[in-house]
Structure formats: C-alpha cells, structure tokens
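Subject: Structure for you to look at

Hello,

Here is the structure I promised to pass on. Please open it alongside this email. My notes follow below.

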Amino acid sequence: MTRSRLMTFLAGFIVGGLAMMGIVMLSSQQPPELEIVHAGGPTVPPDAADADANDANDASAEAPANDSADFSRSIIIPVQGVSAAAIQDTFDETRGTSRRHEATDILAPRGTPVIAADDGVIKKLFLSKPGGNTIYQFDPAEQYSYYYAHLDRYAEGIREGLTVKQGDVIGYVGTTGNAPANTPHLHFGIFKLGPEKRWWEGTPINPYPILITRANK
Ligand SMILES: [Zn+2]
C-alpha cells in the first residue's frame with residue numbers, strides 16, 4: 001500500500017467513525033425533531049392549506065381530545081383587544097393531509113400583542129417549520145401547557161424559565177411558520193401534560209369552548 005493510499009484509507013476510517021458518532025448523538029437527542037414528528041401537529045390558520053403549527057405535541061396524534069369541561073383554569077383570550085366573537089372553532093379541522101388542527105386560530109392584525117392566557121412559566125421558546133416562532137407556557141401547577149404559534153416575534157425580555165402573569169405581553173401576532181402571509185393570527189393550543197411534564201408531549205384540549213365561556217371574566 002502506498003503512502004497516499006494509506007492516507008486515503010485512514011481518512012475514510014476517520015470520517016466514517018465521525019459519521020457514526022454523529023448518528024449516535026442524533027439518536028439520543030431529546031426531544032425528537034419536532035418539525036418532522038409534528039408535520040401535522042397542532043397549529044394553523046383558517047386556511048386548510050397550512051399544515052399546522054402545533055408541532056410539538058406528536059403524542060396528540062392518537063390521543064383523543066380531552067373534554068374541555070375538565071379544564072379547571074380560568075384563562076383569558078390570549079390576543080389583546082380580541083372578543084370571543086372573533087375566535088373560530090377550528091379544533092377538528094384537518095390541516096395538511098390528515099392531522100387535526102387541535103387548536104384555535106385567533107385572527108388579529110400583525111403586531112397585535114399576544115398575552116399570557118394564564119399565570120405560569122415560559123417553558124420553551126421554539127422555532128419550528130409549521131409553527132414559526134412559538135411559545136410553550138405551563139400553568140403554575142404544571143398540569144397544562146399553552147401553545148402560542150406563528151408569532152411575529154417574542155416580546156422583549158421573554159425567555160425560558162420566566163414567570164409570567166396572566167395578561168403579560170409575551171409576543172406579537174404574525175405569520176411565521178406555515179401561516180398564510182395575508183392571514184396573521186395566533187394559533188393557540190392547550191395540552192394536558194403527561195406525568196413527565198414534557199413540553200412536547202400532551203393531550204390536546206379544545207380551547208374554543210373554554211375561551212368563549214370563561215374569557216375575560
Ligand atoms: Zn392554527
């Protein structure tokens with residue numbers, strides 16, 4: 001074996017080894033790549049065209065929706081100045097190919113403040129293909145996760161671990177992710193967290209009946 005062939009062999013061995021390490025590292029990454037898992041996840045606007053932002057909750061795919069009546073928190077409509085009449089019940093609509101929407105779309109002009117629906121903690125700021133700029137907020141008891149998607153941007157100072165009060169501005173309405181550029185809206189979801197309290201796992205609850213009956217009380 002010539003020196004150059006030896007070098008080529010060694011280089012191939014090293015590259016192959018690095019690739020294997022990469023595969024191992026990727027496979028142990030948590031959480032799973034949400035864009036892929038959530039291709040149909042919970043999020044999206046009135047247009048059936050948009051695939052949906054509710055990325056993270058892949059577990060919701062097979063899980064039946066929880067009864068909204070079990071939801072015990074007193075939340076407010078998470079978009080400033082929006083009345084219950086402007087909210088659409090799009091929970092059961094399909095997005096993309098087969099996923100249920102599992103969220104509510106709240107239409108509002110781009111830049112309208114998005115406010116915390118409940119007290120709690122900003123658990124995760126996540127950028128996903130369908131959801132764009134998203135926020136996962138847990139309620140104080142960590143029973144539920146609130147999901148806000150398609151945000152134009154986050155409010156100043158918003159970061160993971162931040163405690164917020166109901167009504168605090170956390171972001172602004174936009175069309176990031178797969179929302180139609182001409183239909184700015186907040187994609188809002190509620191998920192009952194599992195025992196491990198993972199922000200990307202939960203059972204979807206229809207926000208619509210909750211918002212229209214308990215909002216702004
Ligand atoms: Zn939506």
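Leu162 counts as partly exposed, because it has 15 C-beta neighbours inside 10 Å. A residue needs 20 or more to be buried, and 12 or fewer to be exposed. Please keep in mind that this is a predicted model.

Where does Leu162 sit? Look in the loop between strand 7 and strand 8 (163-164). Leaving aside residues up to four places away in sequence, Leu162 touches Val121 and Ile122. Lys123 is 39 residues from Leu162 in sequence. In space, the two are 7.8 Å apart, C-alpha to C-alpha.

Trp199 lies in the loop between strand 10 and strand 11. Is Trp199 buried or exposed? Trp199 counts as buried, because it has 20 C-beta neighbours inside 10 Å. The cut-off for buried is 20 or more.

Next, strand 10. This strand covers residues 185-193, and seven of its nine residues are buried. Which strands pair with strand 10?

- Strand 3 (residues 104-107) runs antiparallel to strand 10, and four bridges join them. Asp105 stands opposite His187 of strand 10.
- Strand 7 (residues 144-154) is also antiparallel to strand 10, with six bridges. Here Tyr147 faces Gly189 of strand 10 as its opposite number.
- Strand 11 (residues 202-205) pairs with strand 10 over four bridges, again antiparallel. Ile190 stands opposite Ile205 in strand 11.

Finally, the chain as a whole. How many helices and strands does the chain have? There are three helices and eleven strands. Along the sequence, they follow the pattern α-α-β-β-β-β-β-β-β-β-β-β-β-α. The chain has 217 residues, and 42% of them count as buried. Take the contacts with a separation of 6 or more: 68% of them are between residues 24 or more positions apart.

Best wishes

Definitions and conventions:
Residues numbered from 1 in each chain as written. Predicted model: local features only at pLDDT ≥ 70, side-chain atom pairs only at ≥ 80, totals over all residues. Helix = DSSP H or I, 4+ residues; strand = E, 2+ residues; numbered from the N terminus. Contact = placed C-beta atoms within 7 Å. Pairing = 2+ DSSP bridges.
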